[in-house]
Amino acid sequence: MSTLETPAWLGQLKRAVSKNKRDAHSRYFQLATRGQDDYPRVRTLVFRGFSDVGWSLFSVTDARSEKVRELAFHSRVELSWYFTQTREQFRLRGEAAVFSADSDPEGHRQRLWSALSEAARAQFFWPTPGAPLGDTEAPSFSQTPPETFAVIEYTPMEVDHLVLAKTQTRSLSEYVAGQWRETPINP
Ligand SMILES: Cc1cc2nc3c(=O)[nH]c(=O)nc-3n(C[C@H](O)[C@H](O)[C@H](O)COP(=O)(O)O)c2cc1C
């Protein structure tokens, strides 16, 4: 398969997103990073869409958050995403890139900011995440993303797809030497 073709796992993942649409939980995945103390860190994020080119996907976060500091130090990540209706899990291993106010040549921040609800936007005007609880600041609203708004783009290089049907199936897709190779493996 050439780099220009859609990898099979991406078609399967898009199908899972579409088939599980009615379940609000299907929009959440877990992101694992490496902490600066070498312990893993994992947390839930909202899926914010696929790229129009290639096979990457996006989420948004607060530029002041711990995960952004971790990604600057170590950009390798794994996402784990379970779809309850179709009972399938995708584990996406690869690289994460953070786009912040001073580094967003492709305009991902403006595009994803425009797609956010007012309630989601308001969170980026809250006090620093993870800091001790203090006075709360009144949110203000803006059509342009504030400096606290960051976009994370994930580019998988290895995808482990497990389907919990009567007969379980599992396949491992790897991007090696410019090609995707999919291998069925034991569940
Ligand atoms: C259902 C759910 C959805 C969440 N979505 C996001 C999100 O899209 N972006 C985000 O930064 N944090 C999101 N969070 C909060 C994160 O899980 C996490 O607590 C926060 O980002 C701080 O993580 P950090 O200290 O590792 O940076 C979500 C939490 C839950 C429970």
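Trainee: How do the residues lining the largest pocket divide into nonpolar, polar and charged?
Mentor: The lining divides into nine nonpolar, five polar and four charged residues (Asp, Glu, Lys and Arg count as charged, Ala, Val, Leu, Ile, Met, Phe, Trp, Tyr, Cys and Pro as nonpolar, the others as polar). A pocket here is an open set of points on a 1 Å grid over the protein atoms alone where a 1.4 Å probe fits, with protein on both sides within 12 Å along at least five of seven lines, and lining residues have an atom within 4 Å of a point. This is a predicted model, in which local features need pLDDT of at least 70 and side-chain atom pairs pLDDT 80 or more, while totals for chains, interfaces and linings use all residues. Residues are numbered from 1 along each chain, and side-chain values use heavy atoms, without hydrogens or water.

Trainee: Which residues lie nearest the pocket's centre?
Mentor: Val60, Thr61, Asp62, Gln123 and Phe124 do, out of 18 lining residues.

Trainee: And which element gives the most to that lining?
Mentor: That is β3, with four residues; the elements giving two or more are β2 (40-46), β3 (57-62) and α2 (66-73), where helices (H or I, at least four residues) and strands (E, at least two) are DSSP runs numbered from the N terminus.

Trainee: Switching to α2, which of its residues are buried?
Mentor: Lys67, Val68, Glu70 and Leu71 are buried, meaning under 20% relative accessible area with a 1.4 Å probe, protein chains only. They cover an arc of only 160 degrees around the axis, so they sit on the same side of α2 (the arc uses directions from the helix axis to the C-beta atoms).

Trainee: What do they pack against?
Mentor: The buried residues of α2 pack against β1 (28-34), β2, β3, β4 (76-83), β5 (88-99) and β6 (149-163), with contact meaning heavy atoms within 4.5 Å.

Terms used: Buried means under 20% relative accessible area, exposed over 50%, partly exposed in between (1.4 Å probe, protein chains only).
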